[in-house]
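The following questions and answers concern the structure shown below. Please consult it while reading.

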2 protein chains.
Amino acid sequence: MKRIKLTISYDGTNYCGWQQQPNGITVEEVLNRELSKLLNEDIHIIGASRTDSGVHALGNVCVFDTECRIPGDKVSYAVNRSLPEDIVVVKSEEVDLDFHPRYCDSTKTYEYRIWNDTFPLATNRLYTHHVHDKLNIEAMREAAKYLPGEHDFTSFCSVGAQVESKVRTVYSVYILTEGPLVTIRVKGAGFLYNMVRIIAGTLLLVGTGAKNPEFVKEALEAKDRAAAGPTAPAKGLTLIKIEY
Amino acid sequence: MKRIKLTISYDGTNYCGWQQQPNGITVEEVLNRELSKLLNEDIHIIGASRTDSGVHALGNVCVFDTECRIPGDKVSYAVNRSLPEDIVVVKSEEVDLDFHPRYCDSTKTYEYRIWNDTFPLATNRLYTHHVHDKLNIEAMREAAKYLPGEHDFTSFCSVGAQVESKVRTVYSVYILTEGPLVTIRVKGAGFLYNMVRIIAGTLLLVGTGAKNPEFVKEALEAKDRAAAGPTAPAKGLTLIKIEY
């Protein structure tokens, strides 16, 4: 038996997220189905990040165990032939049997993209959240400074999430601009349910002037979901990479 | 009566190109329909560039005449409310009655985008042409140098195009790279049918090493469509802007 690690890129537009569920097609389901067909085995992948419905990924990670003889690095070529074009395995490799995508230490990088112009752009509407009002980028950068570090992120976690501790470590939050495109790049050791989208929604309250930068500090201290901003729309979010 | 100029962005994926035709829905048809409903008049727009099926635009241009009282700059806001999200009027303005989007002098900028990596990217698959083989960018730049200037572009025009002269002026052809993304940016006073896509297909023959840079010079001199490379796929092409 061997364990194969896949790095996967997908366009989340047409999927009910990563995790298999009864209400609609998911990325996990499609990968399980196509890998099982390809390898003629019952494959059950274990994913690193259970992205929400509509969220995109350039480099989500999963593993599965197999008896197959295909070399690890060739699995990507083989499975991409039968995957729909909005799911692409960008890399495959054999890893140690004790490698686990969720329990091994990792750094995750997410980007939340905002199109800040009078009108949305037809050609990136599926991958950006359109904000009409001119954003104050300097205020957003000021606000973002409160986030890095080890904090209790209860205010930045959707109610109902079943986790023991809401303490997480964020390494950095950068706000980059390129014309009307504003990118919030967040790097951390792990994230709570909807955490990056709530960070984006909260920074947008500051960017539009509805709140001042200290609002983020106060939201963190409150440890109450109601103290932070709204959850920004899924389509603006992309999981960029997971480094182990 | 007044004449309104629209600047239009669209995702060409789901359209049979710009020009109204019996076989499928087009951008022109949708704009005529929604403008006619909005203004309660029979509107017939005149477009600047009749982009092919699957080609995208950030700034195509069209005009129409109307008796409506809506100020020119407000038409964009009004019509965007009823347009599908893959067509966006990014600007509207009143222009002189003798302004014609095709007969007035203009400079058009197109970009042909290539994703040059082992696998395509799920999130830009609709807007780039995937090329697996590593491209020789320097050879492509060398080849592109033959294109600017006034030339007979017969070799770079699809057979069957009904135009009197195939002489056109290209101002510049730049090849830009950003990671695996290779962008061919072409600027000119006007283009023949499929010209930018044939330029891209020909430069790709050079980039993959199938031809040397002088192939472009020979193709131009031959004045024969068969002497140039293939027409590259539509989805890689975007009409960036038209300047008058």
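**Aromatic pairs and a strand residue in chain B**

In this predicted model, B:F153 and B:F156 are both buried.

Q: How many aromatic pairs are found over all chains?
A: A pair of aromatic rings is described by the distance of the centres and the angle of the planes. A search of the whole structure, covering all chains, gives a total of 10.

Q: Which type of pair do the rings of B:F99 and B:Y244 form?
A: The ring centres of B:F99 and B:Y244 are 4.8 Å apart, and their planes lie at 80°. Planes over 60 degrees apart count as edge-to-face. The pair of B:F99 and B:Y244 is therefore edge-to-face.

Q: How many residues apart are B:F99 and B:Y244?
A: B:F99 belongs to the loop between strand 4 (87-95) and strand 5 (107-116) of chain B. B:Y244 is in the segment after strand 10 (237-243) of chain B. The pair thus links distant parts of the chain, and the separation is 145 residues.

Q: Is B:Y244 buried or partly exposed?
A: Buried means under 20% relative accessible area, and exposed means over 50%. B:F99, at 13%, is buried. With a relative accessibility of 35%, B:Y244 counts as partly exposed.

Q: Is B:T107 buried or exposed?
A: B:T107 lies in strand 5 of chain B, and touches residues including B:Y171, B:K187 and B:I242. Its relative accessibility is 19%. Since the limit for this class is under 20%, B:T107 counts as buried.

How values were computed. Residues are numbered from 1 along each chain as its sequence is written. Chains are lettered from A and ligands numbered from 1 in the order in which they are written. This is a predicted model: local features need pLDDT of at least 70, side-chain atom pairs count only at pLDDT 80 or more; totals for chains, interfaces and linings use all residues. Side-chain values use heavy atoms; hydrogens and water are left out. Rings of Phe, Tyr and Trp (its six-membered ring) pair if their centres lie within 6.5 Å; planes under 30 degrees apart count as stacked, over 60 as edge-to-face and the rest as tilted. Helices (H or I, at least four residues) and strands (E, at least two) are DSSP runs, numbered from the N terminus. Buried means under 20% relative accessible area, exposed over 50%, partly exposed in between (1.4 Å probe, protein chains only). Contact means heavy atoms within 4.5 Å. Lists of a residue's contacts leave out its neighbours within four places in sequence.
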